[in-house]
Amino acid sequence: MQRIRITGGNKLIGNMPVSGAKNAALPLLAAALLTDEPQTFTNVPNLADIRTLRALLEGHGAQVDYDPASEAKAMQIHTPVVTNHTAHYDLVRTMRASILVLGPLLAREGHAKVSLPGGCAIGSRPVDLHLSVMEALGAEIELEEGYVVAKAPAGGLQGATYIFRTVSVGATENALMAASLARGTTVLKNAAREPEVVDLAECLVKMGAKIDGIGSDTMTIEGVDRLNGCEHQVVADRIEAGTFAMAAGITNGDVFLKNARLEHLEAAASALALAGVELTAEEGGVRANRPSGRLVGTDITTEPYPGFPTDLQAQFMGLMCVAEGASVINEHIFENRFMHVPELLRMGADIRVEGRSAFVKGVEQLKGAPVMATDLRASVTMVLAGLVAEGDTTVHRIYHLDRGYEQLEDKFKGVGALISREDDPTNGNGN
Ligand code: UD1
């Protein structure tokens, strides 16, 4: 096992490249299963979650070619024949997004068996919406020994109108993929509008799908008989960009986020502006800087896009720990997404959690400590806190970080952070 050591105190100054979005790449890769033609994606980040999905696709008969060292970061996926319809527990349990193969397999092949997923331990995170939208499209679903066993009716999935009871990114993506190959018209209401959903829909259109209302909460899909291959570039990762912007803010720095798109970060940018961090669109990216003075306590509430993203909640809390005054952080998307709080407390933060709200009182200075990463975004928050803390912080169990951040230390080192990866003699326990 490895850990990351950060010595706090340096301002971050310079350029940080933003990678392709993991959360866009995962559904895009799954969409490649919808066609028997070769599909090419560029800007695919080299991450553990991407390797998991690749292995899953290969298990279904996909031939995958990926050169992460190349500038284009291109991945070719070709599944002339689906050779196996089961997504096994061993792989699915490591990543919740594995459920995204359900829609494509069901639509193309008429049947699929997918293990119930695992993933980050944030709340109960059920998959009922994924299943109920497939049922609305005519699928018969049974749960057998931890597996979802799904069968389309004879003649294939049938278009339908479906209203999501709650906004779900993954279920919207699964539904879009399945409906693209269903017979007739599907209308998805209260659909997710995240940029990653838009990226998938735009790729599906290139593949020959007929989708109206992309970017809105109602999408109409006219099913087609078959989809073709295409080339598609994965959108820049708004969560990585937001994380780096907050790293610039917490260190009083000035960083250019290459490839970032400000229009995908509006809610975070507004909250950051109130807190004293400026985000400005510049050619080829976004500049994040904190002009002067201490950060200011600012309240946020997480919401589906275009609201403040839950995937930036932990990082924002990191900032608020050293801001002047108090702030309230409301988590409205997931239960139990405050696992970073006990770790921040170990570094001297003042936070009280009541249900889905965290009350943060800013302190003058955090202190370095051994801390434990408990999920992806919680882990990177500990890195942010370490950047501004007095002394050394060691972040243990960094496999979570490797699921979602590409070359994290290199990117931080490039802007002046004192950060390194080392073997962890404590085997992740931090003592
Ligand atoms: C995606 C992102 C994740 C992000 C989340 C919310 C990927 C790979 N992951 O996750 O990083 O934090 O969106 O922006 O894109 N829900 C149900 N039943 C379901 C599905 C979801 O009740 O079948 C609930 C969830 O428990 C949660 C809410 O809906 O409370 C939103 O979850 P959802 O948007 O589905 O998240 P994911 O797609 O899993």
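**Figure 1. Lys73 in the loop between β4 and β5.** Lys73 lies in the loop that links β4 (63–66) to β5 (75–78); helices (H or I, at least four residues) and strands (E, at least two) are DSSP runs, numbered from the N terminus. The model is predicted, with local features requiring pLDDT of at least 70 and side-chain atom pairs counted only at pLDDT 80 or more, whereas totals for chains, interfaces and linings use all residues. Residues are numbered from 1 along each chain as its sequence is written, and side-chain values use heavy atoms, with hydrogens and water left out. Although Lys73 is not a glycine, its phi is positive, at about 45°. Lys73 has a relative accessible area of 16% and is therefore buried (buried means under 20% relative accessible area, exposed over 50%, and partly exposed in between, with a 1.4 Å probe and protein chains only).

**Figure 2. Glu145 in the loop between β8 and β9.** The loop between β8 (140–144) and β9 (147–151) contains Glu145. Glu145 is a residue other than glycine with a positive phi, near 45°. Its relative accessibility is 82%, so Glu145 counts as exposed.

**Figure 3. The cis peptide bond between Tyr305 and Pro306.** Tyr305 and Pro306 are joined by a cis peptide bond with an omega of about 10°. Pro306 belongs to the loop between β18 (300–301) and α10 (313–320).

**Figure 4. Packing of helix α4 against helix α6.** Two packed helices are described by the angle between their axes and the distance between the axes. For helix α4 (residues 102–109) and helix α6 (residues 169–180), the axes come within 8 Å and cross at roughly 15°. Here axes are lines fitted to C-alpha atoms, for helices over the stretch in contact, and angles run from 0 to 180 degrees between N-to-C directions. α4 and α6 are therefore roughly parallel to each other (angles under 35 degrees count as roughly parallel, over 145 as roughly antiparallel, 65 to 115 as roughly perpendicular and the rest as oblique). The contact involves Leu102, Gly103, Pro104 and Ala107 from α4, together with Asn174, Met177 and Ala178 from α6; contact means heavy atoms within 4.5 Å.

**Figure 5. Packing of helix α8 against helix α10.** Helix α8 (residues 238–250) packs with α10 at an angle of about 5°, and their axes are 10 Å apart. The two helices, α8 and α10, are therefore roughly parallel to each other. On the α8 side, Ile239, Thr243, Met246 and Ile250 meet Gln315, Phe316, Gly318 and Leu319 of α10. The contact of α8 with α10 comprises five nonpolar, three polar and no charged residues.

Figure 6. Nine of the ten residues of α1 are buried, including Lys22, Pro27 and Ala31. Ala30 is part of helix α1 and is buried, with a relative accessible area of 0%. Apart from neighbours within four places in sequence, Ala30 is in contact with Leu53, Leu57, Leu100, Pro104 and Met177. Ala30 and Leu105 are 75 residues apart in sequence, while their C-alpha atoms are 9.2 Å apart in space.

**Figure 7. Leu176 in the largest nonpolar core.** The largest nonpolar core has 77 residues, of which Leu176 and Leu204 touch the most other members. A nonpolar core is a set of buried Ala, Val, Leu, Ile, Met, Phe, Trp, Tyr and Cys residues joined through side-chain atoms within 4.5 Å. Beyond neighbours within four places in sequence, the contacts of Leu176 are Leu188, Val197, Leu200, Ala201, Leu204, Ile211, Met219 and Ile221. A second, separate core of 69 residues includes Ala260, Ile300, Met347 and Ala385.

**Figure 8. Gly184 in the loop between α6 and β11.** Gly184 is located in the loop between α6 and β11 (185–189). With 33% relative accessibility, Gly184 counts as partly exposed. Neighbours within four places in sequence aside, Gly184 is in contact with Gly159, Ile221, Glu222 and Gly223.

Definitions and conventions. Nonpolar A, V, L, I, M, F, W, Y, C, P; charged D, E, K, R; others polar.
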